[in-house]
Amino acid sequence: MSRRPDKQGFSQAQSGWPFAAPALLLIGVFFLLPVIGALLLSFTDFDLYALADISNLRLVGLHNYQTLLITPMFWKALGNTTVFVILGVPLSLIASLGTALLVNSRLTRFKGFFRTALFAPVVTTLVAVALNWRYMLHTRYGLINYLLTHLGLPAIDWLGDPHWSMPAIVLLAVWKNFGYNMIILLAALQNIPEDLYEAARLEGAGAWHCLRRVTLPLLVPTLTLVSILTVSGYFQLFAEPYVMTQGGPLQSTVSVLYFMFEQGFKWWNLGFASAVAFVLFALILVLTMLQMRLARRLGEV
Amino acid sequence: MKQRALIWLVNGSLTLLALLTLFPLLWMVSVALMPTGASASYPPPLLPARATLSHFHDLFAQQHMGRYFLNSLIVATSATLLALLLNAMAGYAFAKLRFGGRDTIYAVLLAGLLIPAQVTMIPLFGLLKVMGLVNSYAGAVLPSAASIFGIFLVRQYALAIPEDLLDAARIDGASEWRIFRSVVLPLLVPILVTLGIFVFLATWNDFMWPLIVLTGRDMQTLPVALAGLAREHVQDNEMMMAGAVVTVLPVLALFLVLQRFYLRGILLGSIKG
């Protein structure tokens, strides 16, 4: 039953365009076009001279990527960022899961208050709270060293010692972010039907057993989701080192994005910086897929 | 008896954790009220011996804090208003209206969610330079005015609007615009509050893009200006904390008033995975 669309029918069939077009235009111009642009730029030597006069632009093929592979600072930045992710993501997930379980407990009073208090750092401005953490981590006057020495531990030169600068940034990041995943996990916990716990209890399962056999298996999809979001978020580390350490000491907190920012907007090696951006994107994409595959395998067992 | 002990344990640890979490924010306020130099002593003082508002006064009188505050307000407010209008229209179109290539375009958009915004920043800077928008409010606002996430959020919500309601309005002879204005928009209000607070908080707190695009000092937003001030006045800790309070307080207050809507946005946003 095909009908020739009359005029009314045609306008009906395209009536969404005027509504969708303005947003799509902006997304196209300010997001999709630059993504393609970044890929193209990464094959050029776009720099300050090309910015002044576009005729200085040359195609260089994969040269930027080859240079990247032999640039020690890039590897250093990638290493620093990996340390940040490996320390930060598990800590952050443990904090999120722990607090979500506590807030969700039947024994907890004032759930709303605790949820809000634990979530509050998420909505704060990173630059502002990073300044506060810089003060709390101060070697001489900082509260954290004050507490450490009171516990009989040695004071730590948090932001001055290249071994401790990244852990210090991890502390700030975990404090700032764990509330976000806590909210997602809390919602997943509330979706677990009460009968499942009752059935487990009837079989004589204790609290620990319930957690191992009922709660955690049912949380696997949500844990996968928050772990993917957190890994890709933590790989985009930038503002924390910019404010707290300016990449130091001894470049121990230069992250991949910090490296990209300096290459692009300090030295104006825009083609090279685009290659850095694309390598980071590819890395995040691969890790996302790996985690999805891993979670699927976990789900099958 | 054992139950009572457990209740104490659970609520006690939560109280401790909540205090630990809130402590840096409370202390920030406390240090902001201390006289210059008071925070650089050992042991670190928890409360000001004598509270003073002088740092807030100095920030606004000498450090142009009022200007930065205004910049932040203009950027965040206009990004929010534009995002509400554009994403509401597009989200509704993707949910309820027909147009050629709709489903393909939507699939492309969803795939685009995987791409981190930082990938776009270098060409975007070049593009805005060509358009003459570097160091302008428009340069800070336009890239976040329409968003894939915003369209997604509105679409999910608009899918539940009953088709009969729209058809009834069409039979009454209402134009598509009129239907959008008087039937659809009122129904979308809850999700638009969610979207609005999301965009406002994100643009207010954003650092990397405004740092790149707002090159002139008097165009800077609060986070960018604060980071700059902190590099110049490393010693002046109390004033930096006052600046931090001015920056954080508006968004924290907004969140506390509208947190129900904000938390729902996080949950809706996480379903996409």
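This is a predicted model: local features need pLDDT of at least 70, side-chain atom pairs count only at pLDDT 80 or more; totals for chains, interfaces and linings use all residues.
Student: What makes chain A more spread out than a compact globule?

Tutor: Its radius of gyration is 25 Å, whereas the globule rule gives 19 Å for 301 residues; the value is well over the rule, so chain A is more spread out than a compact globule. Along the principal axes, the C-alpha atoms of chain A fill a box of roughly 75 × 75 × 35 Å.

Student: Which secondary structure elements does chain A have?

Tutor: Chain A has 14 helices and zero strands. Buried residues account for 52% of its 301 residues.

Student: Why is Trp75(A) called partly exposed?

Tutor: Its relative accessibility is 43%. Buried requires a value under 20% and exposed a value over 50%, so a residue in between is partly exposed. Trp75(A) therefore counts as partly exposed. The residue lies in helix α5 of chain A, residues 72–104.

Student: What makes Leu69(A), Ile70(A) and Trp75(A) a patch?

Tutor: Nonpolar side chains are joined within 5 Å, provided that each residue has over 30% relative accessible area and no salt bridge. Trp75(A), at 43%, is partly exposed. Together the three residues form a nonpolar surface patch with about 370 Å² of accessible area.

Student: Why is the pair of Phe94(B) and Phe99(B) called edge-to-face?

Tutor: A pair of aromatic rings is described by the distance of the centres and the angle of the planes. For Phe94(B) and Phe99(B) these are 5.4 Å and 70°. Centres within 6.5 Å make a pair, and planes over 60 degrees apart make it edge-to-face. The pair of Phe94(B) and Phe99(B) is therefore edge-to-face.

Student: Which residues form one aromatic cluster?

Tutor: The cluster consists of Phe238(A), Tyr242(A), Tyr258(A), Phe261(A), Phe265(A), Trp268(A), Phe125(B) and Phe207(B). One of these, Tyr242(A), also has the charged end of Arg231(B) over its ring, 4.3 Å from the centre.

Student: What makes the charged end of Arg155(B) sit over the ring of Tyr106(B)?

Tutor: The distance from the ring centre is 4.3 Å. The limit is 6 Å, with the charge also within 35 degrees of the ring normal. The charged end of Arg155(B) is counted as sitting over the ring of Tyr106(B).

Student: Why is the contact of Lys96(B) with Glu163(B) called a salt bridge?

Tutor: Side chains of opposite charge can pair when their charged atoms come close. The cut-off is 4 Å from a side-chain nitrogen to a carboxyl oxygen. In this pair the closest N and O atoms are 3.3 Å apart, so the contact is a salt bridge. Lys96(B) is in helix α3 and Glu163(B) in helix α8 of chain B, so the pair ties together parts 67 residues apart in sequence. Lys96(B) is buried at 13%, while Glu163(B) is partly exposed at 37%.

Student: What links Asp167(B), Arg170(B) and Glu176(B)?

Tutor: They are linked in a network of salt bridges. Within it, the side chains of Glu176(B) and Arg170(B) meet at 2.7 Å, N to O. Both Glu176(B) and Arg170(B) are buried.

Student: What makes Arg217(B) and Glu232(B) a salt bridge?

Tutor: Their N to O distance is 3.2 Å, and the limit is 4 Å. Arg217(B) lies in the loop between α10 and α11 and Glu232(B) in helix α11 of chain B, so the pair ties together parts 15 residues apart in sequence.

Student: Which peptide bonds are cis?

Tutor: Most residues other than glycine have a negative phi, and most peptide bonds are trans. The bond from Gly248(A) to Pro249(A) is cis, with omega near -10°. The bond from Tyr42(B) to Pro43(B) is also cis, with omega near -5°. Pro249(A) is in the loop between α12 and α13 of chain A, and Pro43(B) in the loop between α1 and α2 of chain B.

Student: Where does Gln246(A) lie, and what is its phi?

Tutor: Gln246(A) is in the loop between α12 and α13 of chain A. Its phi is positive, about 50°, although the residue is not a glycine. Trp268(A), also not a glycine, has a positive phi near 60° and lies in the loop between α13 and α14 of chain A.

Terms used
Residues are numbered from 1 along each chain as its sequence is written. Chains are lettered from A and ligands numbered from 1 in the order in which they are written. Side-chain values use heavy atoms; hydrogens and water are left out. Patches are made of residues with over 30% relative accessible area and no salt bridge: like charges are joined within 9 Å, nonpolar side chains (Val, Leu, Ile, Met, Phe, Trp, Tyr) within 5 Å. Accessible areas come from the Shrake-Rupley method with a 1.4 Å probe; for residues, only the protein chains shown count as cover. Helices (H or I, at least four residues) and strands (E, at least two) are DSSP runs, numbered from the N terminus. Buried means under 20% relative accessible area, exposed over 50%, partly exposed in between (1.4 Å probe, protein chains only). Rings of Phe, Tyr and Trp (its six-membered ring) pair if their centres lie within 6.5 Å; planes under 30 degrees apart count as stacked, over 60 as edge-to-face and the rest as tilted. The radius of gyration is taken over C-alpha atoms; the globule rule is 2.2 Å times the number of residues to the power 0.38.
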